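User: I am new to this structure and would like to learn how to read it. Please take me through it one feature at a time.

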Amino acid sequence: MRASVYFRTLLKFDERHNKLEQRLAQLIENINRLIDEMREGYNKLDRVNELTNSLIEKLTLLSIQNSQRLTAVEQRVDKLEEKRS
């Protein structure tokens, strides 16, 4: 009788162990999926940051160029006004 109780207990333990292994495999799979999603999100964020920095550089250069053009136009207007005077 003790052997059958021991055997049933062993079977229950084995079933629980298998369920735990399955659950652990699912958790590991979920964690790996989350890691991949986070990595993808970080890569996208990094790319957007690079594009933003590039845009800022281009806008800065455009602003400088416009300022230089305006200064050149103002100098021409000043020279024309001096000639008229």
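User: What radius of gyration does the protein chain have, and how does a compact globule compare?

Analyst: This is a predicted model. A compact globule of 85 residues would have a radius of gyration near 12 Å, whereas the protein chain has 36 Å. The box filled by its C-alpha atoms, taken along the principal axes, is roughly 125 × 10 × 5 Å.

User: How many helices and strands are in the protein chain?

Analyst: Secondary structure is counted by element. The protein chain has 1 helix and 0 strands. Helix H1 covers residues 2-84.

User: What share of the residues counts as buried?

Analyst: A residue is buried when its relative accessible area is under 20%. Of the 85 residues here, 0% count as buried. The chain exposes about 8600 Å², with carbon and sulfur atoms supplying 58% of that area.

User: Where do charges gather in patches on the surface?

Analyst: Start with the positive charge: Arg8, Lys12, Arg16 and Lys19 form one such surface patch. A patch of negative charge is made by Glu74, Asp78, Glu81 and Glu82. Over the protein chain there are 16 positive and 14 negative side chains, and the centres of these two sets are 6 Å apart.

Technical notes: Residues are numbered from 1 along each chain as its sequence is written. This is a predicted model: local features need pLDDT of at least 70, side-chain atom pairs count only at pLDDT 80 or more; totals for chains, interfaces and linings use all residues. Side-chain values use heavy atoms; hydrogens and water are left out. Patches are made of residues with over 30% relative accessible area and no salt bridge: like charges are joined within 9 Å, nonpolar side chains (Val, Leu, Ile, Met, Phe, Trp, Tyr) within 5 Å. Accessible areas come from the Shrake-Rupley method with a 1.4 Å probe; for residues, only the protein chains shown count as cover. A salt bridge is a side-chain nitrogen of Lys or Arg within 4 Å of a carboxyl oxygen of Asp or Glu. Lys and Arg count as positive and Asp and Glu as negative; His and the chain ends are not counted. The place of a charge is taken as NZ of Lys, CZ of Arg, CG of Asp or CD of Glu. Helices (H or I, at least four residues) and strands (E, at least two) are DSSP runs, numbered from the N terminus. The radius of gyration is taken over C-alpha atoms; the globule rule is 2.2 Å times the number of residues to the power 0.38. Buried means under 20% relative accessible area, exposed over 50%, partly exposed in between (1.4 Å probe, protein chains only).
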